[in-house]
Each structure stands twice: as structure tokens, then as C-alpha cells.
Amino acid sequence: MKQALTSKKMMLAVALCFSSVVWTSAQTEQTDVLQLGLDDAIAIALSESPTVKVANKEIEKKKYAHKGAYAALFPQINFGADYTRTLKKQVMYMDGAFDMGAMLSPIMDPIVKGTEQTFANSVAGYNPGDLSQSIMQNTPPPVESSGSEGISVGRDNNWGFGFSAGMPLINPVLWKSLDISALDVELAVEQARSSKIDLLNQVRKSYYAVLLANDSYTVFRDSYNNALKNYNDVKTKFDQGLVAEYDLIRTNVAVKNVEPNMLQAANALVLAQWQLKAVLGLDLEQEIECSGSLNDFSDELFADFLSTDAAVLDNNTTLKQFSIQEKQLKESLVLQKYEYLPTLSLSGAYQWTAMNNDFRFKDYMWNPYSMVGLSLSVPIFSGGSKVNKIKQTQTTIAQLYLQKDDLERNLRLAIKQSMDNMSTCVKRFDASQKGIEQAERGYAIAQKRYETGAGTLLELNDAELALTQSRLNLNQSIYEYVVSKAELDRILGTINY
């Protein structure tokens with residue numbers, strides 16, 4: 001009797017505890033509970049996930065880089081200004097005779113000839129040639145220079161400003177680099193798709209884990225309620241003296257055995273919800289409730305398995321990235337070969353310069369200067385660097401082929417494993433369905449037999465255990481199927497978003 005009183009107290013404490021949990025849950029639902037379906041979870045993940053945002057920014061960055069690469073095809077125009085202060089002027093030296101007359105002859109000869117003609121026409125008695133002879137006689141002879149004396153050139157202040165421009169006319173390396181930058185954008189887009197596929201795979205698995213934890217909690221809660229009902233029935237019969245104390249103790253133990261499983265399932269549900277909230281980027285304090293159950297996926301299980309095409313790897317994101325990288329390497333190889341070709345560029349400048357010894361800018365004489373030119377560069381010898389870079393790229397391409405073949409083999413293996421798991425899960429689901437039907441019928445028979453006294457408590461407990469295990473097996477088979485299907489979709493790259 002004392003033990004029965006203790007059991008009553010324990011049951012009352014458990015009932016109060018669960019009523020408190022239920023009341024708290026009800027209050028939370030009334031305040032702020034986020035109802036989530038699978039599509040809702042995917043939409044939240046795509047809009048809130050930092051991974052997706054970073055991937056989208058990477059695409060944007062690559063697009064800007066590709067547009068920036070085209071700028072090299074257009075003229076580059078710059079404005080520049082400079083000032084230099086001469087601390088010590090440059091000295092220019094000349095060797096040999098310094099013949100001033102010879103230097104001035106082109107200028108002075110026409111002047112002298114014109115003057116001779118004027119004197120001959122206007123001065124009486126003037127003999128032509130007298131002026132030239134007089135100049136020759138009075139001109140000092142050329143001074144010999146030893147080279148030790150120099151002439152200082154330049155002024156203290158040197159100013160310059162103007163515009164310069166240049167653009168490539170023929171540059172095969174530049175043209176090919178534009179193709180490579182376009183492939184960078186394509187690779188960034190595929191990497192973003194890969195991030196979304198991985199994220200959706202995590203969301204689906206986390207969502208399914210919440211459904212499994214919730215369904216498992218429901219199974220253990222129903223089992224606990226059945227055990228508690230059996231205990232109450234046996235307690236009533238024991239009080240009436242219809243059953244032995246052993247039956248009362250046995251039913252009480254059954255309640256205590258189921259209770260930890262139910263509490264553990266409730267804790268697993270909370271952890272699964274936290275994991276889902278972390279994947280979705282939600283606040284961990286935000287209460288959520290996933291709608292539906294794993295049994296909602298059971299209707300399409302067989303049709304979904306039969307319609308799955310696992311032979312095509314065209315959409316696998318890793319293989320697509322390998323293909324883009326292969327294109328990049330091949331384009332880089334062509335670019336490196338183009339480095340043997342000549343380049344031609346156009347350049348021009350228009351500048352103004354001034355030189356003076358003071359800072360009176362209004363008196364400066366600004367001298368314009370302009371030029372335009374072509375620059376041809378023909379590579380001849382680079383020490384073998386180009387050849388070695390080409391061989392290095394060819395080796396990298398060969399490595400990529402080997403890695404791609406190995407990746408494809410591993411993907412085929414992963415696909416086969418997923419398909420085998422899905423096939424096994426379908427069989428387990430079919431067996432579990434039939435097992436539940438039999439277990440429910442067996443439990444009902446055992447319960448009637450015990451109520452009428454034809455059966456034993458051991459039969460009833462065995463029937464209850466078999467029913468619980470059958471329900472858990474059904475949930476587990478559906479969960480493993482949808483998880484395997486999610487993994488297969490990730491490998492095939494067929495996840496729609």
C-alpha cells in the first residue's frame with residue numbers, strides 16, 4: 001500500500017510537470033510561434049542565409065571585374081604635372097675648335113650680302129667686297145677647346161603639365177584575358193548555385209530531422225499514455241482485489257520505463273528545432289513549429305522512387321565547376337602561347353613646359369609640345385620562362401582530367417548507395433506498414449484478453465512494445481528515404497529553388 005501511495009505521488013508530480021510544459025507551450029503558441037512548412041523553410045534560408053548572400057556578392061564582384069577588363073581596350077588618358085628645382089645645373093662639354101663664325105655663317109652671310117648690295121647702289125666709290133673683307137679681317141680665329149671647360153645649361157625652375165594617352169592596337173594576350181574573365185563570372189555563378197544546393201540539402205535534412213523527432217515523441221507519448229492507462233486499470237482492479245500486487249508493480253515499472261524515452265524524444269525535438277533555426281539563420285530563441293509529419297511523404301514514396309533518374313550527372317555542380325576550370329586552363333594555355341606574338345600600341349602626348357629662374361608666373365613663357373607614336377614589341381628571348389609556364393599549365397590540365405575521372409567514379413558510387421538505401425527504405429516502409437497493422441490488432445486482442453482474464457500482463461506489455469517498435473520503424477524508414485533522396489538530389493544537382 002505504501003508503494004502504491006508513492007506511485008501516486010510520482011504520477012502526480014509527472015502530471016504536474018507535463019501540464020506545466022503543455023501550458024507553457026500553449027502560451028508560446030498564442031504569443032509568437034512561427035509555423036513552417038518545407039517550402040517556407042527553403043524560402044527563409046534563401047533570403048536570410050549568409051552563405052547565399054556571400055555567393056551573390058561574389059557573382060557581382062566577378063561581373064564588375066569582367067567589365068573592368070574591357071577598359072584596357074579603350075584609350076587611357078591621363079593628366080600630369082611636374083615641377084623640378086635645379087640644384088646644380090648640368091654642364092655640357094665640347095671638344096675641338098669652337099668656330100663662332102662658322103656657326104653664324106648661315107645667318108650672317110645673307111645679311112652681309114644684302115648690305116654689300118645696298119652700299120654698292122647708294123655709296124659713291126664703294127667697292128663691292130670691302131665690307132666682307134673687313135669683317136673677315138676683324139673676326140678672331142677659332143678658339144681651341146681642351147675639353148676641361150663646359151657650358152652650364154638649364155634654369156632653376158622647370159615646370160611642365162599636359163595630357164598623355166595610349167591604347168593597344170594589337171595585343172592578343174589582352175584579348176584572350178577577356179575570355180578568361182568571362183569564365184570567372186561563369187564559375188562564380190556555378191559556385192553560387194553549389195552553395196544554394198548545399199544549403200537546401202541542409203535545410204531539407206534538418207526539416208526532416210524535426211519531423212522525425214516530433215513523430216518519435218508522438219509515438220513515445222502514445223506509448224506512455226497506454227502504459228499509464230494500463231496502470232490505472234490495474235490499480236483499479238488491485239484496489240478491488242481482482243489482480244495481484246505483481247501486476248500493479250509491473251505496470252508501474254512499464255510507465256517508468258517509457259517515461260525516459262519520451263523525455264529524451266522531447267529533448268531531441270528541441271535540439272532538432274535549434275539545428276533547423278541555425279541553418280535558416282533564425283534567432284535561436286524564436287519558437288517554431290514544423291507542419292505535417294513524415295507520414296505525409298509516404299503516399300508518393302513508390303512513385304517518387306520509380307521516377308528518379310540517377311544516370312545523368314550533367315547538373316552535378318562539382319563536375320560543372322571542373323568543366324569551367326578546364327576551360328579556364330585551356331584558355332590560359334592559349335594566352336601563354338600568345339605571349340610569343342608581337343604587340344603594337346599607340347601613344348600620344350600634349351604638354352606645356354616653362355623654365356625660369358624666378359617665380360613670376362605671369363612672365364613665364366609656356367612652350368607647347370606634342371607627339372604621337374607607335375610602339376612595336378617583339379618578344380625574342382625570355383630565358384625559357386614562357387616554355388616552362390606552358391608545360392606547367394599542360395601538367396595542371398592533365399591533373400584536372402585525373403581528378404575529374406576520380407570524382408565521377410565517386411559520384412557514381414554515391415548515387416548507387418543512395419539508390420540502394422532508397423530501395424531498402426521502400427521495402428522497410430512496406431514491411432513496417434504491415435507490421436503496424438498486425439501490431440495494432442495484436443495489442444487490441446491482448447488488451448481484451450487481459451481485461452477478460454484470459455491473457456497475462458506480459459502479453460499486453462509485449463504487444464505494446466511491438467506496436468511502439470513498429471511505429472518507430474515506419475517513421476525511421478520514411479526519414480531515411482527522404483534523407484537519401486535529398487542527398488541524391490544534391491549529387492544530381494536537381495534541387496529546384
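The legends below describe close-up views of a predicted model.

**View 1. The packing of helix α10 against helix α11 in the predicted model.** Two packed helices are described by the angle between their axes and the distance between the axes. Here helix α10, which covers residues 385-452, packs against helix α11, which covers residues 457-492, at an angle of about 160 degrees and with the axes 7 Å apart. Because angles over 145 degrees count as roughly antiparallel, α10 is roughly antiparallel to α11. The crossing of α10 and α11 is left-handed.

**View 2. The residues in the contact of α10 with α11.**

View 3. Rolling a probe the size of a water molecule over the atoms shows where empty space is left. In this predicted model the count comes to two cavities of 30 Å³ or more, and the second largest cavity has a volume of about 50 Å³.

**View 4. The helices and the residue types around the second largest cavity.** Which helices each supply at least two residues of the lining of the second largest cavity? They are α6, which covers residues 172-239, and α10, and α6 gives the most to this lining, with four residues.

Conventions: Residues numbered from 1 in each chain as written. Predicted model: local features only at pLDDT ≥ 70, side-chain atom pairs only at ≥ 80, totals over all residues. Heavy atoms only, no water. Axes fitted to C-alpha atoms, helices over the stretch in contact; angles between N-to-C directions. Parallel < 35°, antiparallel > 145°, perpendicular 65-115°, else oblique. Left-handed = near helix turned anticlockwise from the far one by under 90°. Nonpolar A, V, L, I, M, F, W, Y, C, P; charged D, E, K, R; others polar. 1 Å grid on protein atoms, 1.4 Å probe; cavity = no way out; pocket = protein on both sides within 12 Å on 5 of 7 lines; lining within 4 Å. Points joined across faces, edges and corners; volume = space filled by probe spheres on them.
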